[in-house]
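This report walks through one structure, from overall make-up to individual residues. Look over the sequence and the model before reading on.

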Amino acid sequence: MRISFVDLYPHVKERFKNAKIELPFDTFHMPLDVRMKAWKELGEPEVCCEPDMENVPCVSQLDCEILGVEPSNKLKKQRSLCGCLANKVELCTQPPKCTYGCLYCYWK
């Protein structure tokens, strides 16, 4: 299992507000102690780019093989802890956007 913690980009905050879902914090990142507690309670699942947790890239070599795309090198603008391949950005800019409509999705 791989999880991701909500990053409150302005468009993500707006989606939660429109859905009338109150968030328990107003900072961009959920406080680290809250993330750490949730991670431990969930059995320490895979996460990407979270401090003090094992880093498993969101888009890995295996993911690229499954998706049938050629892996790209790491982007320079990614966070220092991030191990994701550049495909993460490339895959999220390719139409069509997925149909799930997750409120927390960083794709606008």
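## Ground rules

Helices (H or I, at least four residues) and strands (E, at least two) are DSSP runs, numbered from the N terminus. This is a predicted model, in which local features need pLDDT of at least 70 and side-chain atom pairs count only at pLDDT 80 or more, while totals for chains, interfaces and linings use all residues. Residues are numbered from 1 along each chain as its sequence is written, and side-chain values use heavy atoms, with hydrogens and water left out.

## Overall make-up

The chain has four helices and zero strands. Its pattern along the sequence is α-α-α-α. Of its 108 residues, 31% count as buried. Buried means under 20% relative accessible area, exposed over 50%, and partly exposed in between (1.4 Å probe, protein chains only).

The accessible surface of the chain is about 7,800 Å². Carbon and sulfur atoms hold 57% of that surface. These areas come from the Shrake-Rupley method with a 1.4 Å probe; for residues, only the protein chains shown count as cover. Contact means heavy atoms within 4.5 Å. Of the contacts in the chain with a separation of 6 or more, 49% join residues 24 or more positions apart.

## Confidence

pLDDT is the predictor's confidence in each residue, from 0 to 100. The chain averages 79. A score of at least 70 is reached by 75% of the residues. Among the elements of the chain, helix 2 has the highest mean pLDDT, at 93. Helix 4 (residues 87–93) has the lowest, at 60.

## The nonpolar core

A nonpolar core is a set of buried Ala, Val, Leu, Ile, Met, Phe, Trp, Tyr and Cys residues joined through side-chain atoms within 4.5 Å. The largest one here has 12 residues. They are Ile-3, Phe-5, Val-6, Leu-8, Val-12, Phe-16, Phe-25, Met-30, Met-36, Trp-39, Val-47 and Met-53. Helix 1 (10–18) and helix 2 (32–41) each supply at least two residues of this core. In soluble globular proteins, nonpolar side chains tend to be buried together.

Leu-8 is one of the core residues. Leaving aside neighbours within four places in sequence, Leu-8 contacts Lys-13, Leu-23, Phe-25, Thr-27 and Phe-28.

## Helix 1

Which residues of helix 1 are buried? They are His-11, Val-12, Arg-15 and Phe-16. Around the axis they cover an arc of only 140°, which puts them on the same side of helix 1. The arc is that of the directions from the helix axis to the C-beta atoms. Pro-10, Lys-17 and Asn-18 are exposed on the other side of helix 1. Just after helix 1, Lys-20 has a positive phi of about 60°.

## Helix 2 and Arg-35

Arg-35, Met-36 and Trp-39 are the buried residues of helix 2. They fall within an arc of 100° seen down the helix axis, so they line one face of helix 2. Asp-33, Lys-37 and Glu-41 are exposed on the other side.

Is Arg-35 buried or exposed? Arg-35 is buried, with a relative accessible area of 9%. Not counting residues up to four places away in sequence, Arg-35 touches Phe-5, His-29, Met-30, Glu-50, Pro-51 and Met-53.

## The aromatic pair

The whole structure holds one aromatic pair. The rings of Tyr-9 and Phe-28 have their centres 5.0 Å apart and their planes at 90°, so the pair is edge-to-face. Rings of Phe, Tyr and Trp (its six-membered ring) pair if their centres lie within 6.5 Å; planes under 30 degrees apart count as stacked, over 60 as edge-to-face and the rest as tilted.

Tyr-9 lies in the segment before helix 1 and Phe-28 in the loop between helix 1 and helix 2, so the pair ties together parts that are 19 residues apart in sequence. Tyr-9 is partly exposed, at 28% relative accessibility. Phe-28 is also partly exposed, at 36%.

## The loop between helix 2 and helix 3

Glu-44 lies in this loop. Its phi is positive, near 55°. Glu-44 is partly exposed, with a relative accessible area of 45%. Asp-52 is found in the loop between helix 2 and helix 3 as well. Phi of Asp-52 is near 65°, a positive value in a residue other than glycine. Asp-52 is exposed, at 65%.

Ser-60 belongs to the loop between helix 2 and helix 3 (61–67). Ser-60 counts as buried, at 18% relative accessibility. Ser-60 and Pro-71 are 11 residues apart in sequence and 8.1 Å apart in space, C-alpha to C-alpha.
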